Every structure is written in C-alpha cells, then in structure tokens.
Amino acid sequence: MNRRHLLGASAAASLGLLGISPEVAAQAARGGVLVIGTTQKPRHLNSAVQSGIASQSPGSQLFSSLLRIDNQWKPQPYLAERWDLSSDNLSVTLHLRKDAMFHDGTPITSEDVRFSLESVRHHHPFSSMLAPLNAVTTSGPHTAVVRLAEPHPALLLALSSPLTPILPRHIFEGGDLKVHPRNNSPVGSGPFKLVEFKPGEHIIMDRFDRFFMKDLPKLDRIIFKEYKDTGSLILAFESGEVDALQQVTGTDQARIRKVPGVQFVENAAPATGPLVWLAFNLKNPKLADKRVRQAISFAIDRNFIVKGITSNTAKRATGPIGSGSPFYTNEVERYDLDLAKANQLLDAAGVKPGTNGMRFSLEVDCPPGYPSFKAMQEYMKPALAKIGVNVVVRNSPDFPTWARRVAGQQFEATIDGAWNWGDPIIGVHRTYLTSNIKPPVSTCHGPPGPGQAQGACGGG
C-alpha cells in the first residue's frame, strides 16, 4: 500500500468504509501498517446498533457480514458461501461457511446470525432496512433462513457490510445492546481484531490470523487516528503522520493534491451517497406553507454552491436519490435559481415584506466540523436576503449540541443530509418516514460525515 493515500468521499462496500477499492487492496503486499486520519469520534464500536462513519468504518473491519457487494451491485459470498431465494420471495436460506470463527476462537453459527439480524432489526437507526424481517430460523449450525412478511428487494444489500455485522451471541446476549459494556471492546468476526480503543485518540486493530478468507487481510495493522478538526488532520497528512484520509471535500482537496506522491481514489462506490440539503422543521409555523419552502429553494443558487463552495468536488443534486445510484433519474422538477418566482410564491403565501423589506427571519443551523457545511450556512444569509428572508446563523459549540437541537426539533432550518446506501429502501425513504421522528435517545460525539439521519451520529 502506498504510504500517501487519499480516500474519496465514499468507499467500496465489499471492504467496508475504508475507501480502498478491491483492485487496490488486491495489489497490496502482505504486511505493513495503515494509519487512517479522521475527525470522526465514535461513541462505541458496535455498528449493529449505531449508524454513521465513526462506528461503521472500524466496524467493517472488526465484524464480517453475511454478504459483500461488488462494484456492480451484485452480492458476493462472505460469511454465507451461498444462498437460495424461495420462489415466493419470502425467504432466503443462507448456507454459512464452516471455518469461520470469532476472534476468541468460538465458531460462528446460525444462532449468531439469528441473534445479529434480530439485534439490527430492533436497534439499528435504519428502521426500514430490515422492517420486513419476520423471523430467522435455524436448521443446524450452518444454515439460517431469513423469513419475510413481504418481498424485500434490498434484503441482500442490507445483509452486507457495514449494515449488518455478525455479532457473537455468547458475548452480547442479555441486557440492553445499545449500552452493552462490550460495545467498546467487542469480540468481532472480521479480518481485524481490536487491540485498543481510546475514545478521542485512536482505534488500533491487528490482523486476525485465523480469518476465513485466504490470504486476507493483507495489512498487519490498521490505526484510526482521531483529530479535533479538518485543519489539524490535513497537517498530519502533509507531514506523513497519517497515510490515508477519508471524505476530504472542497478546497481541501486542491491543497492535498499538491502533496508529493498522493493517490486520490474517487467514485469507489458513488451510490452510497452522500446528499446534503437544507432541512426544514415543518412544525415551525414560518415553514408550514409549502410555498414558503419552495420559495427558499428557488432562491438558492446550487451552481454557485458546487463551483464556489465545493470547488466542483460535489455534484448538484436533483432529488433524494444520488446521481451514482442505479435508481437515479434526472426527470424531476428542478429548482433552478429564480428570484422572481420565489417572490411570487411568498406573496401568494401571504408573507409580505415589512417596512425594512424583510418578510421574516429564519434561524439556520449547521453541524460543526466541516468547513464546506459552514460555508453553505453562511451563503444562505445573502442568498435569502434577496427575497426578504433574514437569515440568522446559529452555531453549535459541538456536535452533540447540534444533534440535540435537531433531534429535539428545537430548530427552524439546518444544513443536514444522509447517505443513500445504494437502494432507496435503505438510505432514502427512512428520511421521509414520520415514524422516524423521535426524541433524542443518545449523546453523539460528532462531527458528522457529509450527511446523517436526524438523531443519528456521525454520518448515516
């Protein structure tokens, strides 16, 4: 593995969220240490109950999943060496490898699969991902049957890394899985085993020599090293303190491309997302009228954001499905910049300008930790002033503060977003389910990834 390695915005599903494509990994020589710099700060390492890059990146290496997904979105064997789909599409029989074991030497069985799928269904923030799951039955130690209440076209994707890690039942069964004491020191099933997790500092993982995939993993050790902000992270990369970065956007990319020997991996898995948007609190009376929200959208110059703020490192979104998704279509209504139409909509909604020319004030939040997000937030002020909306920029001192405000609906509008995760049933419609509007249930230790679901941590 080349020492100077810059990872793109998203990553190869089959290798978790490291951002290293299978082709690059296959060419890597055996041995060595990879230090990955990150601003993500995981609460714990159990990705079965926590969404977000902070937990899912290390979780993809600590835990195996039943399947992997290749770059053509085709399922490939992993813990399940083969699978059979029933003729009515209501069950999938998984035939497990017989040589797979957890890091403590305990064999991985169908009971572990049953326990893990039920745990993900009950606890993972992506509530729709396994919603059709009716039951998991076992037939011997190496055969599990996933039974569905209705056909689920995204099931095989949902069973892949990092969405459904296989947990050791003998370690995690009993008690509340979300606060289980072993979440910080898990016994995993993946290619790397945990050596040390020091929140706020690093995660150290060593190669599991008894991993079931021949000649894998290549590396001896992976270290996720945490930094307080993007600036200190980039300095560490430039000095050679870290070997690889994740999710570098905007002007930071231009700076890092000048580092001698840097390798930049782009579009490793574009359909995973992310999308960034301005989210509205629909319970706020200022925003209850759809025409007001449409007017705000017509006042935003997306082309300026792409060119001026992200330095063309992002693409313009046209809807909730990312342009890299196999389900994407551009045959949708486009909200091109149109100030005249925006003003007409506000007039029609009865929101008239005052003596100072302003119609109303709008408080706009932003998750801290990402300069491009902050720049978008600041851009809203002059952009919306042109239609008589006085934007008040509200900053949060840390990510938990922002997360509590948004999850508790103590906001008017905020820069926000989410990952697509390949299939709309996993990454898109969860953001439109009113049943997902819940009070905050935990404290996050952000900052987030490019996008995340409300109430989730670290980019989801």
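**View 1. Aromatic pairs in the predicted model.** Searching the whole structure gives 5 aromatic pairs (Phe, Tyr or six-membered Trp rings with centres within 6.5 Å; planes under 30 degrees apart are stacked, over 60 edge-to-face, the rest tilted). The model is predicted: local features need pLDDT of at least 70, side-chain atom pairs pLDDT 80 or more, while totals for chains, interfaces and linings use all residues. Numbering starts from 1 along each chain as its sequence is written, and side-chain values use heavy atoms, without hydrogens or water.

**View 2. Tyrosine 78 against phenylalanine 211.** This aromatic pair is edge-to-face, at 6.5 Å centre to centre and 75° between the planes. Tyrosine 78 sits in the loop between β4 (75-77) and β5 (80-85), phenylalanine 211 in the loop between β10 (202-207) and β11 (221-226), so the pair ties together parts 133 residues apart in sequence. Strands here are DSSP E runs of at least two residues, and helices H or I runs of at least four, numbered from the N terminus. Both tyrosine 78 and phenylalanine 211 are buried (under 20% relative accessible area; exposed is over 50%, partly exposed in between; 1.4 Å probe, protein chains only).

**View 3. Around tyrosine 78.** Tyr78, Phe211 and Phe212 make one aromatic cluster. Arginine 68 lies over the face of tyrosine 78, 5.5 Å from the ring centre (Lys NZ or Arg CZ within 6 Å of the centre and within 35 degrees of the ring normal).

**View 4. The largest nonpolar core.** This core has 60 residues (buried Ala, Val, Leu, Ile, Met, Phe, Trp, Tyr and Cys joined through side-chain atoms within 4.5 Å). Leu66, Leu117, Met129 and Ile426 have the most contacts inside it. Helix α3 (residues 110-123) gives the most, with 4 residues.
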